[in-house]
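I opened this entry to record what I looked up, beginning with the helix and working back through the sheet to the chain as a whole.

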Amino acid sequence: MTQNHSPLPWVFDEITGDVVAGEEEMLIHRSPEDNDDRDEELAANSAFIVRACNAHDDLVAALAALEALVTARDEEPSMLTDAEWSAARAAIAKAQQSRER
């Protein structure tokens with residue numbers, strides 16, 4: 001069974017610490033109220049998650065387009081090592097696999 005995530009973009013509310021999604025501001029994550037000693041870290045983590053989620057599809061598409069362009073030319077660009085290309089292809093596969101779950 002494939003479960004779709006909440007609609008993008010996600011937004012981090014710096015006042016409440018909540019993460020909300022879409023125009024309806026659907027609650028994604030509520031920041032705990034009793035973590036005064038970790039407030040800055042929790043806020044930084046929430047903001048990081050929002051940036052990563054919002055950028056995910058564009059980053060995967062850009063990397064996949066680059067990989068497809070190089071594959072169509074049937075060559076490996078000399079500026080990247082085999083290990084770097086393998087890492088890029090593995091990252092694409094990992095991101096696409098996580099979307100299918």
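I began with α1, which bends by about 45° at His56, the bend at a residue being the angle between axes fitted to the seven residues ending there and the seven starting there. I note that this is a predicted model, in which local features need pLDDT of at least 70 and side-chain atom pairs count only at pLDDT 80 or more, while totals for chains, interfaces and linings use all residues. Residues are numbered from 1 along each chain as its sequence is written, and side-chain values use heavy atoms, with hydrogens and water left out.

Helices (H or I, at least four residues) and strands (E, at least two) are DSSP runs, numbered from the N terminus.

Next I turned to the sheet, which is open and has 3 strands in the order β1-β2-β3 with antiparallel pairing; two strands pair if DSSP finds at least two bridges between them. I see β1 (10-12) and β3 at the edges, each with a single partner strand, so one side of each has no neighbour in the sheet. The twist averages 35° from one strand to the next, where axes are lines fitted to C-alpha atoms, for helices over the stretch in contact, and angles run from 0 to 180 degrees between N-to-C directions. Helix α1 (residues 39-72) packs on this sheet and touches β1, β2 and β3, its direction making about 160° with that of β1; contact means heavy atoms within 4.5 Å.

I followed Val19 across the strands: Phe12 stands opposite Val19 in β2, and in β3 the bridge partner of Val19 is His29. In the hairpin of β2 and β3, with 4 residues between the strands, I found Gly22 at a positive phi near 65°.

Which residues does Ser46 touch, leaving out those up to four places away in sequence? I list Phe12, Gly17, Val19 and His29. Ser46 lies in helix α1 and counts as buried because its relative accessibility is 8%; buried means under 20% relative accessible area, exposed over 50%, and partly exposed in between (1.4 Å probe, protein chains only).

Last, I noted that the protein chain follows the pattern β-β-β-α-α along the sequence, and that 22% of its 101 residues count as buried.
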